[in-house]
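My notes follow in the order I looked things up.

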Amino acid sequence: VTGGGGVLCAGFAKALAASGAAVAILDLRETAAQKVADEICADGGKAIGVAANVLEKESMEAAREIVNKKLGPCDILLNGAGGNNPKGTTTKEYMFPEDLKEKTEGVTTFFDLDISGIRFVFDLNCLGTIVPTQVFARDMAGREGATILNVSSMNAFRPLTKIPAYSAAKAAVSNLTQWLAVHFAPVGIRVNAIAPGFFVTDQNRTLLLNPDGSLTPRSNKILSHTPQNRFGTPDDLTGTLLWLVSDKASGFVNGVVVPVDGGFAAYSGV
């Protein structure tokens with residue numbers, strides 16, 4: 001599980017371990033990975049924490065050696081590493097005529113977006129899915145029940161205001177999922193993706209919640225367009241996760257991106 005030290009991917013790792021899988025938690029932050037592994041082991045599961053950078057092939061190759069030595073070849077690859085960057089985010093939801101006339105301090109328009117920030121977001125989400133797949137799928141080819149699960153986002157279906165880089169990068173992950181499903185079908189690897197809706201994580205907490213825990217204006221807008229009127233929790237993803245990685249449950253499901261969004265995509269706003 002790449003990005004396994006984060007809120008959602010830690011939940012994925014724990015759900016897999018609870019179902020009997022031996023889980024390798026890969027994260028750029030070794031302490032975060034080991035913390036999740038320790039929690040799994042304390043609950044009677046089997047897990048290891050491994051430091052790994054999904055953007056560096058050498059780092060992933062080193063992680064693969066550790067995983068193969070301690071747990072054996074990979075059967076399930078969950079590409080969970082991803083995220084946004086403030087440098088790829090606009091301040092306002094819309095471009096207004098006055099924004100074209102003069103630069104306002106503290107306001108980042110589309111024209112002000114930092115290319116390095118945009119590149120970082122694309123690298124982390126898209127390349128951060130490609131590189132681990134290049135490394136681990138080699139061992140998975142020909143293994144019965146081998147499956148890859150990518151983490152896309154509802155932004156891939158309906159891009160959100162303010163975050164063009166993240167929305168476009170997750171659209172790339174969805175497209176890549178379909179491409180990989182076709183490409184790997186002859187060697188027996190299924191490839192699907194899960195697309196979470198709105199979940200409170202360490203990365204978006206300050207955007208969704210005020211310091212006192214109350215909802216921000218953006219959160220209120222989100223919930224007003226979510227028929228179930230709440231944010232998701234990691235447990236809300238467990239059923240879809242276990243279904244997609246189980247060859248018995250979803251052996252003929254390949255190349256799909258499954259939304260888990262509380263009805264957000266189904267609601268037109270009226």
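**Entry 1: alanine 193 and strand E5**

I began with alanine 193, which counts as buried at 0% relative accessibility. The model is a predicted one. I placed alanine 193 in strand E5.

Next I listed the contacts of alanine 193, leaving aside neighbours within four places in sequence. They are Leu149, Asn150, Ser152, Thr177, Leu244, Val256, Val257 and Val258.

Is the rest of E5 buried or exposed? I found seven of its seven residues buried, so E5 is largely enclosed by the rest of the structure. In a regular strand the side chains alternate between the two faces of the sheet. I checked the directions in E5. Arg190, Asn192, Ile194 and Pro196 point one way. Val191, Ala193 and Ala195 point the other way, and all of these are buried too.

**Entry 2: the sheet**

In what order do the strands of the open sheet run? I read E3-E4-E5-E6, four strands with parallel pairing. Strand E3 (76-79) and strand E6 (257-260) stand at the edges. Each has a single partner strand, so one side of each is left without a neighbour in the sheet. From one strand to the next, the twist averages 20 degrees.

I then looked at one pair. Strand E4 (residues 147-151) and strand E5 (residues 190-196) run parallel and are joined by five bridges. Across this pair, isoleucine 148 stands opposite valine 191 in E5. Leucine 149 stands opposite asparagine 192, also in E5.

What lies across E3 and E4? I found helix H5 (residues 115-140) there, running at about 175 degrees to E3.

**Entry 3: the nonpolar cores**

I looked up the largest nonpolar core and found 28 residues in it. Those with the most contacts inside this core are Phe12, Val23, Ile25, Leu78 and Leu241. Which elements give it two or more residues? They are helix H1 (7-18), E1, helix H2 (30-42), E4, helix H9 (238-245) and E6. H1 gives the most, with eight residues.

Leaving aside neighbours within four places in sequence, phenylalanine 12 is in contact with Leu78, Val151, Ile194, Leu237 and Leu241.

**Entry 4: aspartate 27**

Aspartate 27 lies in strand E1 (residues 22-27). Its relative accessible area is 6%, so I noted it as buried. A polar atom of its side chain lies 2.9 Å from the backbone nitrogen of arginine 29.

Beyond four places in sequence, aspartate 27 is in contact with Gly3, Gly4, Gly5, Gly6, Ala33, Val50, Ala51 and Ala52.

**Entry 5: cysteines**

How many disulfides are there? I counted zero. Cysteine 9 is in no disulfide: the nearest cysteine sulfur, that of cysteine 74, is 14 Å away. Cysteine 9 counts as buried, at 7% relative accessibility.

I noted cysteine 41 as partly exposed, at 38% relative accessibility.

**Entry 6: positive phi**

Lysine 162 has a phi near 80 degrees, positive although the residue is not a glycine. I located lysine 162 in the loop between E4 and helix H6 (164-184). Lysine 162 counts as partly exposed, at 26% relative accessibility.

Asparagine 229 also has a positive phi, of about 55 degrees, and is not a glycine. I located asparagine 229 in the loop between helix H8 (217-224) and H9. Is asparagine 229 buried or exposed? Its relative accessible area is 52%, so I noted it as exposed.

Note on methods: Residues are numbered from 1 along each chain as its sequence is written. This is a predicted model: local features need pLDDT of at least 70, side-chain atom pairs count only at pLDDT 80 or more; totals for chains, interfaces and linings use all residues. Side-chain values use heavy atoms; hydrogens and water are left out. Buried means under 20% relative accessible area, exposed over 50%, partly exposed in between (1.4 Å probe, protein chains only). A polar contact is a pair of N or O atoms within 3.5 Å; within protein, one must be able to donate a hydrogen and the other to accept it, and residues adjacent in sequence count only if both atoms are side-chain atoms. Contact means heavy atoms within 4.5 Å. Two strands pair if DSSP finds at least two bridges between them. Axes are lines fitted to C-alpha atoms, for helices over the stretch in contact, and angles run from 0 to 180 degrees between N-to-C directions. A nonpolar core is a set of buried Ala, Val, Leu, Ile, Met, Phe, Trp, Tyr and Cys residues joined through side-chain atoms within 4.5 Å. A disulfide is a pair of cysteine sulfur atoms within 2.5 Å.
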